[in-house]
Amino acid sequence: MTAFAPAPLPTFHDDLDASLLEVWRLLREGPALRRNAFHMPALATVDADGHPQVRTVVLREADPATGTLRFHCDRRSAKAVEIAASGRAALHGYDTASKIQIRVSGSARLHTDDALAEAAWSGSRVMSRTCYGIAPAPGTALPAGDAYTQPEDGADLDLSRANFCAVVVTATHLDFLFLDRRGHRRAGWVRGAAGWTGTWLAP
Ligand SMILES: Cc1cc2nc3c(=O)[nH]c(=O)nc-3n(C[C@H](O)[C@H](O)[C@H](O)COP(=O)(O)O)c2cc1C
């Protein structure tokens with residue numbers, strides 16, 4: 001019989017600074033890795049009645065240097081309205097391969113007509129752009145499931161552009177959880193003027 005040696009523990013296991021680097025490495029790689037949990041995190045907001053709301057978004061960019069994460073949405077959507085009202089959002093992902101959960105929360109801002117929005121729109125694929133031309137607006141009650149329209153590929157996308165927005169979340173809190181039966185590790189960081197301050201947390 002062959003005895004399988006357990007996989008070595010990751011280098012960040014007992015290293016708080018390395019854990020923070022791992023958080024940002026996973027977030028930064030998320031947009032490019034389609035099967036990675038951080039490619040399609042859950043986005044949480046709070047609605048006008050104080051109820052939590054959560055849904056999937058595609059992470060477009062995560063920048064460790066600025067501590068920001070970007071996704072795109074329709075500015076008529078509930079999430080956009082909630083972010084405009086509260087200025088806050090949280091994101092969550094759990095990657096089963098690495099057994100890492102990351103939670104991010106912070107301030108959030110809609111970019112509709114500035115240079116950032118323009119660059120985000122220019123970098124979007126045509127297929128993605130057509131989604132923003134949907135009528136009626138996202139979340140509107142329909143008399144039948146197919147009672148909506150969406151521009152064809154190649155159609156005039158001015159209306160889509162008018163509905164498009166990029167959202168930038170500036171992280172102020174990070175929570176990291178790594179599951180391993182030899183010892184789970186959880187850590188949290190808060191961002192202040194001098195950067196991230198972190199501590200190990202009981203899992
Ligand atoms: C795989 C997947 C990816 C999605 N990506 C986005 C996205 O990047 N932006 C977005 O606004 N909605 C995205 N959605 C749809 C949202 O999850 C949600 O259903 C929709 O935007 C309405 O949300 P709201 O009413 O809370 O605004 C995605 C859904 C799935 C299943």
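How do the residues of the shell around the ligand divide into nonpolar, polar and charged? Five are nonpolar, three polar and two charged, with Ala, Val, Leu, Ile, Met, Phe, Trp, Tyr, Cys and Pro counted as nonpolar, Asp, Glu, Lys and Arg as charged, and the others, Gly among them, as polar. A quick note: this is a predicted model, where local features need pLDDT of at least 70, side-chain atom pairs count only at pLDDT 80 or more, and totals for chains, interfaces and linings use all residues. Numbering runs from 1 along each chain as its sequence is written, and side-chain values use heavy atoms, leaving out hydrogens and water.

**Stop one: the ligand.** Select Met 40, Arg 55, Thr 56, Val 57, Val 58, His 72, Cys 73, Ser 77, Ala 78 and Lys 79, which surround the ligand (a heavy atom within 4 Å). Now zoom in on the backbone. A backbone N or O atom of Thr 56 sits 2.7 Å from a ligand oxygen, and a polar backbone atom of Val 58 is 2.9 Å from an oxygen of the ligand. Over at His 72, a backbone N or O atom lies 2.8 Å from a ligand nitrogen.

**Stop two: the cavity.** Next, select Leu 27, Phe 38, Pro 41, Leu 59, Leu 69, Leu 91, His 92, Gly 93, Ile 102 and Val 104, the lining of the largest cavity (on a 1 Å grid over the protein atoms alone, points where a 1.4 Å probe fits but cannot get out; lining residues have an atom within 4 Å of a point). This lining has eight nonpolar, two polar and no charged residues.

How values were computed
1 Å grid on protein atoms, 1.4 Å probe; cavity = no way out; pocket = protein on both sides within 12 Å on 5 of 7 lines; lining within 4 Å. Polar contact = N/O pair within 3.5 Å; in protein donor to acceptor, adjacent residues only side chain to side chain.
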